[in-house]
Amino acid sequence: MAGGRPGAQMPHLSKMERVVVSMQDPDQGVEMRNQRLRITVIPHTVAGSDVVDWLVQKYCISEEEALHLGTLLVLHGYLYPLRRPRSLVLRPDDTPYRFQTPYFWTSTLWPAAELDYAIYLTKKNIRKQGALVGHEKEHYDQLHRKISHTWDLVVMQAREQLRAAKQRRKGDRLVIACQEQTYWLVNRPPPGVPSVLEQGPERSSCTAGRVQMTKNTEFYKREMERYRKALTRARVKSSVCLEAYLKFSSQHAPHDPIMSGCLPSNPWVTDDDTYWTMNAPSVTVPTKLRVERWGFSFQELLEDPLGRAHFMDFLRTEFSAENLSFWEACEELRHGGQAQVHAMVDAVYQQFLAPGAACWVNIDSRTMERTLEGLQQPHRYVLDDAQLHIYMLMKKDSYSRFLKSAAYKDLLAQAVIPPEAKRRVFPFMRKLPHSSPSPALLPASTSGEPVAAASGPECGDGGT
Amino acid sequence: MAREECKALLDALNKAIACYHHLVLTVGGSADSQNLREELQKTRQKAQELAVATRAQLTAALRDRGLGAEERAEFERLWVAFSGCLDLLEADMRRALALSTAFPLHAPRRPLVRTGVAGGAAGVAARALSARSLRHEAEGDFDVDDLREQECEILQVSEMIHDMEMKVNVPRWTVQARQTAGAELLSSAGACSVGAVSVQERTGPCDPSKALAATVFSAVLLAAVALAVCVAKLS
């Protein structure tokens with residue numbers, strides 16, 4: 001059931017209505033019988049098997065499909081069973097059913113209102129003399145809280161509707177009561193029963209419901225705009241996308257705690273937070289995985305505070321530390337408070353951009369012109385062009401040198417690989433359990449062990 | 001007193017709307033006929049008359065600046081009930097129009113849905129009009145003209161609702177209804193007899209008819225015993 005606009009009749013409901021109406025044809029419709037209830041005789045009963053046979057004959061479909069279609073009709077309330085009204089299924093035997101009156105046909109144009117439901121529940125309360133049970137009692141109380149200001153009307157209407165119903169014959173009264181009950185079973189299903197009126201999430205590309213009948217100039221203007229936007233969309237070949245995705249996955253797989261486990265041990269499993277202390281933002285000796293990660297891309301290096309600090313040291317040896325300082329100052333401007341924007345822009349200009357400044361950065365003339373123009377009306381993104389220029393400069397130039405430098409290689413050599421925490425185990429266990437069980441690592445045969453290993457007090461603190 | 005009149009009018013309107021709702025339920029079903037359409041029209045017109053009268057009274061009362069706080073609260077309650085009634089009436093009228101158009105009684109005839117409701121509803125309409133019985137006096141193609149009338153009347157009712165909202169300012173959330181949850185159970189014994197209507201096809205009888213059968217049987221038994229005693233005494 002695709003999402004549709006609220007307030008419009010959903011197409012499958014119109015189709016079902018057509019089927020029901022064609023069943024009413026006096027010559028070619030479904031066979032009807034009479035229902036005998038002690039003294040009263042109520043006409044227009046139809047057996048489940050008759051419905052299935054008629055559908056098979058009319059639409060030339062298989063019996064299974066006819067049964068499914070018939071069940072849909074019952075689920076949506078177009079047919080209701082007479083013996084067990086709460087079980088909305090079509091049984092292909094002589095179970096009697098009856099057609100629902102068009103007023104109560106399921107409709108998204110006339111959604112069931114709270115006031116009507118309140119009146120129905122009040123009527124039921126009167127008929128059962130206060131013995132409403134289950135979800136109906138809950139709904140009754142909820143409704144009383146929600147629409148307590150119109151409760152007078154609810155009680156008045158309920159009483160009057162019951163009195164009006166008494167003017168009819170007994171058979172008609174029974175039928176109308178059944179019809180109303182079915183309507184509310186469909187529109188306010190009891191808990192556990194899925195609601196047939198639920199519309200799925202609205203799909204923005206679905207234009208089926210939005211067909212505009214008049215193709216006027218507005219329509220064509222919108223179409224032209226839509227196609228113009230579609231032309232400018234950036235497109236990447238899926239082969240390129242997938243290659244990049246594969247490369248990313250293979251590069252980052254050893255770094256992912258779920259895919260490759262984490263050393264020394266998973267803190268969530270062993271309650272030992274060595275992993276976190278060793279990977280803290282500012283730690284003297286970083287782990288090897290962390291240092292390797294700085295080599296993946298410039299963005300990774302800058303995002304890690306420790307990496308940025310080491311990069312800054314390296315740049316100082318090369319006498320180009322002002323680039324990184326400028327970049328950091330621009331970041332602060334972008335993410336800082338609105339009130340400080342003016343002051344910061346001035347400070348940055350004085351320190352980095354003014355001719356003869358202390359840490360003058362080397363920006364090309366065109367970008368410099370644009371920036372100086374923008375400084376007349378400073379806002380937080382005014383230095384974006386310059387920042388990008390410096391970023392690309394560092395990336396192409398200093399970053400590659402950093403990765404080849406002795407400093408980086410020393411860091412790699414000194415980086416520590418934490419050993420896997422040893423777990424205290426029972427002497428008769430065949431295999432040493434992993435201290436960071438990972439669904440990607442464990443083969444299926446040892447599936448019993450992590451459950452045992454992860455429990456109880458014997459997963460103590462492993463050695464560090 | 002104005003309050004009593006308003007209450008009486010509102011009760012009559014409520015009755016008419018309930019009967020109208022009951023009649024609209026059967027449109028398009030097996031009980032649909034020219035008679036039903038005529039009954040619908042009469043009930044509808046009666047409901048509209050009552051609505052106009054009630055509205056005039058209530059507006060006059062609420063516009064009166066010199067009204068005490070308690071009286072005003074009372075009138076506001078009536079107002080909220082009245083606007084609820086009008087909303088129900090409008091919704092039912094719209095639905096009646098849609099159904100009458102979808103199931104026309106004149107050619108081209110669409111087969112009516114065989115719902116099992118067979119009897120007439122003259123009693124319901126008579127109740128709405130507070131009359132003893134209803135005479136059907138419509139000619140053949142009654143429902144065609146009626147459709148156009150229905151559209152006009154729906155517009156009139158919508159206008160009335162809109163006017164009401166604009167002219168009288170009654171915040172609904174401040175109104176305290178007099179009836180509490182379960183108040184309908186404190187009604188007269190007339191409502192209890194409706195409990196005899198069973199919605200499921202029961203194999204066992206309902207209690208009141210069981211009681212009736214038991215009393216009849218015991219009366220017959222007593223009569224038989226008395227007769228036997230008399231016969232024994234005489235012989």
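This is a predicted model: local features need pLDDT of at least 70, side-chain atom pairs count only at pLDDT 80 or more; totals for chains, interfaces and linings use all residues.
Residues are numbered from 1 along each chain as its sequence is written, and chains are lettered from A and ligands numbered from 1 in the order in which they are written. Local features need pLDDT of at least 70, side-chain atom pairs count only at pLDDT 80 or more, totals for chains, interfaces and linings use all residues, and side-chain values use heavy atoms, with hydrogens and water left out.

D152(A) and R77(B) also belong to a network of salt bridges that includes E74(B) and R178(B). Between chain B and chain A, two salt bridges are counted. The side chains of R127(B) and E160(A) likewise meet in a salt bridge, at 3.2 Å from N to O. This pair joins two chains, because R127(B) lies in helix 4 of chain B and E160(A) in helix 6 (residues 151–165) of chain A; helices (H or I, at least four residues) and strands (E, at least two) are DSSP runs numbered from the N terminus. R127(B) has a relative accessible area of 21% and is therefore partly exposed, whereas E160(A), at 9%, counts as buried. Here buried means under 20% relative accessible area, exposed over 50%, and partly exposed in between (1.4 Å probe, protein chains only).

The interface as a whole was then described. The size of an interface is often given as the accessible area lost when the parts come together. Chain B and chain A bury about 5,900 Å² between them, of which 61% is on carbon and sulfur atoms; this buried area is the accessible area (1.4 Å probe) that two parts lose on being put together, summed over both. Chain B contributes 67 residues to the contact and chain A contributes 67 residues, contact meaning heavy atoms within 4.5 Å. Between the chains, 17 residue pairs are in polar contact, both residues at pLDDT 80 or more. A polar contact is a pair of N or O atoms within 3.5 Å; within protein, one must be able to donate a hydrogen and the other to accept it, and residues adjacent in sequence count only if both atoms are side-chain atoms. On chain B, helix 1 (2–24), helix 3 (69–102) and helix 4 (122–128) each supply at least two residues of the side that touches chain A. Helix 3 of chain B gives the most to this side, with 11 residues.

One residue of chain A, Q100(A), was examined in its surroundings. Q100(A) is located in the loop between strand 4 (96–99) and helix 4 (114–127) of chain A, and its relative accessibility of 0% places it among buried residues. A polar atom of the Q100(A) side chain lies 3.2 Å from the backbone oxygen of Q179(A). Leaving aside residues up to four places away in sequence, the residues touched by Q100(A) include W105(A), Y183(A), V113(B) and T115(B).

Salt bridges also occur within single chains. R226(A) and E223(A) are paired at 3.3 Å from N to O; both lie in helix 8 (residues 217–231) of chain A, three residues apart, about one turn of the helix. In chain B, R172(B) and E165(B) are paired at 3.2 Å from N to O.

Note on methods: A salt bridge is a side-chain nitrogen of Lys or Arg within 4 Å of a carboxyl oxygen of Asp or Glu.
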